[in-house]
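Please find below a short note on the model under review. The points are set out by region.

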Amino acid sequence: MISLPKINPAEIPEQAASWADDRFAAASPVRKLMNKVFPDHWSFMLGEIALYSFIVLLLSGTFLALYFEPSALEVKYAGSYTPLYGIEMSRAYETTLNLSFDVRGGLIMRQIHHWAALLFMAAMVVHMLRVFFTGAFRRPREINWVVGALLFIMGFFEGFAGYSLPDDAISGTGLRVMSAIMQSTPVIGTWFTFSVFGGEYPGTEILPRLYIAHVLLLPGLILGLIAVHMGLLVKQKHTQYPGPGRTEKNVVGVRMVPNFSAKAGGFFMVVFGMIAFLGGVFQINPVWIFGPYTAAVVSAGTTPDWYVAWSDGALRLFPDWEIYIGPYTIPAMFWPSAFLMGAVFSMLIGYPFLEARLTKDSAHHNLLQRPRDAPARTALGAMAIAFIIVLLMSAGNDIIAEKFDISLNAMTWIGRIGLLLAPPIAYYITYRLCLGAQQGDRITLAHGVETGIIRRLPNGEFIEIHQPLGPADSHGHSELEYSGWAVPKKMNRLGALGNAAKGFFVPLEKPGEAPVSPAPVDQRELTRSDD
């Protein structure tokens with residue numbers, strides 16, 4: 001008889017790892033990855049939300065793809081939703097209704113998919129705002145910013161493609177707007193539109209083509225960009241906020257294994273649970289209410305998802321100005337749509353290089369900036385946000401006009417005037433706030449932290465005792481230099497008052513009592529005069 005070697009279960013993981021390492025030489029890079037240090041700050045989790053939302057999108061989209069048919073074939077509905085029974089519609093809209101009413105779990109999966117898409121785009125926007133305002137895009141991370149901007153652009157078109165697939169009244173209207181935007185492109189507009197739609201709008205080819213782009217091409221591009229983004233993040237190290245022990249050449253935080261990976265796993269469950277909660281409780285995109293799309297019917301109050309709505313708002317605000325160049329006409333629709341989107345996306349991609357050129361900054365930066373320390377950049381960001389907010393509100397100007405009984409023409413002019421005035425006002429206010437915050441830090445560094453303790457001087461004057469942040473002169477002033485760190489403004493930041501230990505619902509401990517009297521103060525300080 002052949003005797004089999006005895007197998008020790010405890011040695012199986014070690015043997016499997018040795019077998020893999022002998023063939024792939026993976027031990028060294030894996031060990032390096034496991035020991036990689038990530039800084040511990042809540043704002044760095046914004047990018048993780050986008051990543052986890054995309055994972056949910058892939059999982060829920062796979063389920064939906066099993067039951068959806070992207071066909072413009074005309075059928076008569078015979079499903080469970082009786083108000084539309086016998087109505088002619090496309091096969092795409094019929095399968096969307098079947099997913100909502102006849103497929104077990106189909107409705108909640110549709111809603112999870114939609115909420116995950118909204119969260120994916122929102123997390124990317126907030127993450128990019130964090131990167132922008134803290135200067136994390138500076139050298140050597142300009143390329144990673146470009147990759148992130150391309151991720152947003154791909155997500156923009158991916159969301160629009162998915163939004164257009166159900167072929168309901170609202171998504172069909174969105175496709176009609178897209179067709180008009182493509183036709184407004186000078187010289188090639190008509191040819192471009194015919195090639196995409198396979199003939200005259202609406203045609204029968206656009207839904208299958210959008211489906212392939214939505215489930216194959218764009219997700220593949222997004223996955224590739226995410227891989228490049230994460231690879232550059234690992235290669236270039238993670239940025240961190242200035243603080244004790246943090247320099248341009250190190251990273252202070254927690255290792256990938258076990259700390260960061262455990263937190264990431266738990267955070268993924270939180271994000272997944274929140275998306276599932278939104279999908280199960282809050283209705284979104286009820287296509288059965290809108291009805292099937294017919295090219296001759298367009299309803300008011302149709303607004304796309306928020307990350308596309310700003311372009312719709314620009315279309316509503318731009319005046320009817322056409323430009324004639326010889327035999328060619330540039331329609332009015334071209335400027336607030338294709339031209340504006342191209343300009344916005346180009347500025348988004350090129351901003352790191354523009355700022356580096358204007359500021360002549362060619363140094364490597366691993367430490368982040370506080371937004372107040374770069375007032376011009378922060379004010380530009382506020383200016384851009386104000387611009388987009390005006391366009392977002394203008395995308396729903398017909399609904400606002402109806403609900404508040406305001407003239408739609410007046411709402412259009414309010415949006416036009418706001419688009420001209422809001423951005424410069426936001427720039428000025430933000431710039432002044434940044435300068436004021438800088439001055440507040442300098443005052444705190446020079447005079448110390450307010451203790452809240454009032455003392456009366458022999459001459460009758462009342463003063464507040466300040467706690468110096470460093471060695472003080474005879475007048476209680478310090479000569480500390482601002483180093484980019486957050487300047488403490490309260491005594492409990494200095495350890496004078498302990499923070500309450502937090503329990504599940506209420507604190508388990510009470511904070512320490514404030515000192516009855518301050519530390520001894522130099523007599524000269526108590527009797528100083530203003531001259």
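**Notes on the predicted model**

1. In strand β8, His-466 is the bridge partner of Glu-450. The model is a predicted one, and the points that follow should be read accordingly.

2. Strand β7 (residues 449-456) and strand β8 (residues 462-467) run antiparallel and are joined by five bridges. Together, β7 and β8 form a hairpin, with five residues between the two strands. Within the turn, Gly-460 has a positive phi of about 95°.

3. Helix α3 (residues 46-65) packs against helix α10 (residues 256-281) at an angle of about 60°, and their axes lie 10 Å apart. This angle makes α3 oblique to α10, since the oblique class excludes the range from 65 to 115 degrees, which counts as roughly perpendicular. The crossing of α3 past α10 is right-handed.

4. On the α3 side, the contact between these helices is made by Glu-48, Ile-49, Tyr-52, Ser-53, Ile-55 and Val-56. On the α10 side, the contributors are Phe-260, Ala-264, Phe-267, Phe-268, Val-271, Phe-272 and Ile-275. Classified by residue type, the contact of α3 with α10 comprises 11 nonpolar residues, one polar and one charged.

5. Apart from neighbours within four places in sequence, His-114 is in contact with Tyr-163, Ile-284, Asn-285 and Asp-305.

Notes:
Residues are numbered from 1 along each chain as its sequence is written. This is a predicted model: local features need pLDDT of at least 70, side-chain atom pairs count only at pLDDT 80 or more; totals for chains, interfaces and linings use all residues. Side-chain values use heavy atoms; hydrogens and water are left out. Axes are lines fitted to C-alpha atoms, for helices over the stretch in contact, and angles run from 0 to 180 degrees between N-to-C directions. Helices (H or I, at least four residues) and strands (E, at least two) are DSSP runs, numbered from the N terminus. Angles under 35 degrees count as roughly parallel, over 145 as roughly antiparallel, 65 to 115 as roughly perpendicular and the rest as oblique. A crossing is left-handed if the near helix is turned anticlockwise from the far one by less than a right angle, and right-handed if clockwise. Contact means heavy atoms within 4.5 Å. Ala, Val, Leu, Ile, Met, Phe, Trp, Tyr, Cys and Pro count as nonpolar, Asp, Glu, Lys and Arg as charged, and the others, Gly among them, as polar. Two strands pair if DSSP finds at least two bridges between them.
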